[in-house]
Amino acid sequence: MENVLTPPAGSPVDFAWLIPVVPALSAGLLLVFGKRLGRLSSAVAILSIGFSATLSTMVFAFLQAQPEEGRVFVRTLGTWLSVGGADGLRVDWALLIDPLASVMLLLVTWVGLLIHVYSLGYMAHDERNPQFFAYLNLFAASMLILVTGSSFLTLFVGWELVGLCSYLLVGFWFERRDYATAAKKAFVVNRIGDVGFMIAMFLIFATFGSLTFADVLPAVSTAATGVLIAVGLLLFVGATGKSAQIPLFVWLPDAMAGPTPVSALIHAATMVTAGVYLVARASPLYLEIPDVGLLVAWVGAATAFVAAAIACAQVDLKRILAYSTVSQLGYMFIGVGVGDYTAGVFHLLTHGFFKALLFLAAGSVMHAVADETDIRRMGGLFSKMPVTAVTSLIAVLAIAGFPYTSGFFSKEEVLASAAARPGAQGIWVLGILVAGMTAFYMARWFVLIFLGSPRWAEGVRPHESPPSMTLPLVVLAVGSAAGGLLNTSPEDGFLHHWLEPSVAAFAADGHFLSEGLLLGAALGVAAVGGLLGALLYLRVDVATVGVGGGARNAARRRYYVDEVYETIVMRPGRAMADAFAAFDRRGIDGAVNGLARMTAGVATVGRRTQTGFVRSYALAVLAGTVLIAALFASGVVFGGIR
Amino acid sequence: MTLLAQIPPLQIPDIAWSAISPELVLFGVGILALLLDTAGPQRLQASFLVFGFAAAGAGYIALSTEQSVLPGLVGLAALGQFALTAIWRDRPRLLSALLAALGFAGAIGVTTWQWGAYSGRLVGADAATFVGTDSLLGGMVAVDGVALFTRVTVCLAGLVTVPLSFAYAEERRIHRGEYYPLLLFAATGMTLLASSADFIMVFIAIEVLSLSLYILAGFAKRDLNSQEAALKYFLLGAFSSALLLYGIALVYGVTGSTNIAEAGRAFSSLDAPQGMAVAAMALLIVGFGFKTAIVPFHMWTPDVYQGAPTPITGFMAAATKAAAFAAFLRVFVGAFAPLQWSWTPVLWVLAALTMLAGAILAVVQNDVKRMLGYSAVAHAGYVLIGFVAVNRAGVSGVLVYLLIYTFMSLGSFGVLALLERRNHKAMAIDDLRGLGRRDPVPAGMLALFLLSLAGIPGTAGFVAKFAVFRAGIEAGHAALVVIAVVSSVIAAFFYIRVIVAMFMEDVPEGVAAEAPLAPSTGMSAGIAFSAAVMVAFGTVLPFLLVDLADQAATFVS
Amino acid sequence: MLAEYLPVAVLFVIAFLFVALSLLVSSKLGPSRPNPVKNAAYESGIIPDPETAVGGSRFPVRFYLVAMLFIIFDVEAVFLYPWATVLRDLSWYGLAVMGVFVALLFESYYYVLRKGGLEWD
């Protein structure tokens, strides 16, 4: 970050500001003229994001052509805020284009483009189609502002805007009341996280006198450790809100109320990773405070574990994926927490591919079975929708860490880094466990949907989705399968070198186990989990999965082995999952609701003072006068001594 | 004849009338509008009479002093009002509204001219006559950055209020002739308050604006709520005026002067903290605190805001606050800065109380107007952060905040006025359910204003909050900023509640038959203008505003 | 320091004694022969409204209106006296300014008149 260049005129970086601006303009156009444009509006939306994707690619290529030490550019457009003269605060509308931003640009624009195309088919029958595309565009623009922000403040602007868009999109089908509630919850929880971010920002400004990354990050070593710890913790509070980590993860599963492409784009591939991006962006800061980093990693590990456990017991195909997202985000935080920022970002990228794919596949399935979301009422869809099934299988293998898929490389890297960090062995153990659980619930997900006997309702005619939906699936499947090539080995993979100018390097400390053993342990646990899930749900009559009554008894009588499963695996597992889910609902939700209720309670008491009588108001004025006099008196007494 | 012969020829003493030119414009237009209304059917004759006198006066001044610009303008204005009266002689309300709008626009124009002189862009002989480091008109009036900026804020508020009021007042059958003159008189008081350099002037200005607002608050004579609002505002206002006056008397007692700057100098040269000085400051805080609705002097706000006619509520919330804060700033941050060790802790506590109480109490409100009333209290608290910073950044932050708040407030109350017009009743949050579907444009506008009030980045509200928070941090009041952030999170909740009701809930049963919204041109224009300002200052132009406010953050000494 | 305020205190005491004494003396010495006319509220020679007179304590609001209007115009007119003493120094300019002032005063008077503020019934 020391060597910041101004982009040469006429280069793609010089025009990089068009990347967020074009989708934003398109969003405005669609919001105003959407009704008149009708079908055309989707074309406008796709063209605009396509433009951004092309330009992002050109930016990437341009950066690659530059010498390694000259890949950090700041493109200043104009002043946004300027206060207090020369030594005051000055925030520009400026883009920071560096290797980290460039890979994020690629992810957001290309995955965004695919999801736009997918929505063409998915939202074809919705009357508010233009509005939906406008929101999607607006979201893409906001996310692009976030990843190209050159200062904490511009990043924060994007940060809030993506939250707003997510809120609009989650509540897109507001006809259902609980959807609106989910949207409100998402917004309020995120605001709680934002408190941390905002305070961190003010603290940064008070300490460094600037908010630009180029000013602040090189100077972190000059600041007092206490301040850095506070800033690091507060930024992480913001990150836990946006990236759904303990204790602020409750909103993400509820946010699945939104249309599926939205879940794929916002709640899987891009927005929720903003917290990871923030920590990676601020990596020089976290490098100074390794203990806070370790805390980040522990929170990530705990979240990964809890969310994976909950995912094992869910029956809604999107909620499973939502908890899985929370869990995978936990992995990313393990990566950035232990100090291997490349590993965290790497997992962010591969997860972007396979989780987007999983969500889109889920949408495709819902499309086929008349918007059913209960995986107990699916099954046997493999032959009906082969493209969706095969691409899903690839994604499932990737997320489970099957060798040589993208998830394999990125997850191994995260776990290896955890193992290499002294004091993080516990995290590694948890991570391995979660890997097994991930394989288990994803196998369950896949088997219950695509294999086994058909259980869908009468009158449903499953069919493969139109090409506009399957094409993105195929493209993403290629990415999920081959994404690992980005960084085949932690030491000299492509991404590792590419991100060097942007993020702090990882100081490995030697593994506490040999590499082979590490790899073996992870693979072994994952294989056991995956096989267990597959066998369990292939063999069992699916009616036993959470459905009581006669069906369950019948199943029991047929397979005695179920009894064993039930006692050894299912019961404790389910109990744990239920406990976590209950904690999620009552504990965390309860805390959030409790806070709201407490505020309302205080307000109700306060409201009583508002009697409506002039005499009591006058009394209040008098009391206030006395209060002020008392304050002055204490000020004079204590201030005089001071 | 013999008496007249003894009087020497016309000599114009050196009185810097230009220092209060915006007030003169506002007041003059107010009187004119009142006269034309009083004259009834004879308004054309009355207008001609005014034209005749004004033209004669202007001509005489032009001949005897060889000035051409000022008399020319006066003559043109006189001709203009006659032309307007001639055109709309059968539509007295429209005429009145037009005159008021022109009056506000004219006052903005005059203030811009003063600003040119202030910022040194206008170099001329008469620039020095009214802009300087000293206060003018016998130490009564200060034409400094804070005064000029606030004058513009107040006049902009008036300019937006006029079109918002027109159809609303028509609909509620409260469209009487005094409405616009009172608005102009209130604005006169406010601009005067913003530029008072003397405590006596502060008091007079507060009385001028309050008396007008008492009447405006109760303008819906037949509405019990409106009556209640007016009476409460009047009684409590009188009470707080008394306390303010007491404070002024004590200041005079300690320092021997009612001039704000002189009193400040005398205060700072006191050897030890003196009881009487402290009591004076306490009472002044009470007086200003009442006008700016700071906890615990805010009790009147929700009742009065709820009862007053909605456009007036918007105007009161925005412009009164701006003017009172300007005077508050001039007295404390300007003159009493050397004593800041004694009063900043007090205002610190009040700021914290105000932010928290405003936000928390708003949560449980169901009436949207009342909720916005409490939110206005919370916003006064945010403004106080810039206040206790006691530095230039703080003053500039306060100015920015108040200007932006003016548009947020007028915009949101404007949309409410629009809705009330149709529903013929106050709006509860439940009444807004599904509004986004039926009337997407007004609902979208309201959502924009609410998001801005919540301080979401990308809106002007964020720029405003950021400006004061930054000043607070710079001055070392980090804890206060943390409280402010917490308060704004609580506040976000109830703003979002309205948005959720509008966009994500269904239209309640039985409302489908409701008449469609028919926004008048004036209302649409007022709301759209506020929204445009909101977006412009939130996204591409904030630096312009912040820059201007930075230049304006000065006081005369 | 408080000694400076001694005269004020003395004045207070005297004022109090005077009021108390005169009330006491008049109630002891004066004859008391009440009749309905004497007991009626004094309303500037106007016969009190019988309905309000029954309550005995209510007072027609019209009096307030007239009183307020009187005070306003009265106070404004007070400006004329000091002005008149220095008119010679102020010269034509003073006359013109006072002309504007009086014009404004007349405008308010005209307003009150047209709005019926001076009509008794």
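1. Which residues have the most contacts inside the largest nonpolar core, and how many residues does this core have? It has 481 residues, and those with the most contacts inside it are Leu193(B) and Ile385(B). A nonpolar core here is a set of buried Ala, Val, Leu, Ile, Met, Phe, Trp, Tyr and Cys residues joined through C-beta atoms within 7 Å. Helix H21 (residues 478-504) of chain B gives the most to this core, namely 20 residues. Helices (H or I, at least four residues) and strands (E, at least two) are DSSP runs, numbered from the N terminus.

2. The model is predicted: local features need pLDDT of at least 70, side-chain atom pairs count only at pLDDT 80 or more, and totals for chains, interfaces and linings use all residues. Residues are numbered from 1 along each chain as its sequence is written, while chains are lettered from A and ligands numbered from 1 in the order in which they are written.

3. Apart from neighbours within four places in sequence, Ile385(B) is in contact (C-beta atoms, placed from the backbone, within 7 Å) with residues including Ala351(B), Phe469(B), His477(B) and Leu480(B).

4. The contact between the chains takes 56 residues from chain A and 60 residues from chain B. On the side of chain A that touches chain B, H24(A) gives the most, with 17 residues.

5. Leu144(A) lies in helix H4 (residues 129-148) of chain A. Leu144(A) counts as buried because 31 other C-beta atoms lie within 10 Å; the cut-offs are 20 or more for buried, 12 or fewer for exposed, and partly exposed in between.

Technical notes: Two residues are in contact if their C-beta atoms, placed from the backbone, lie within 7 Å.
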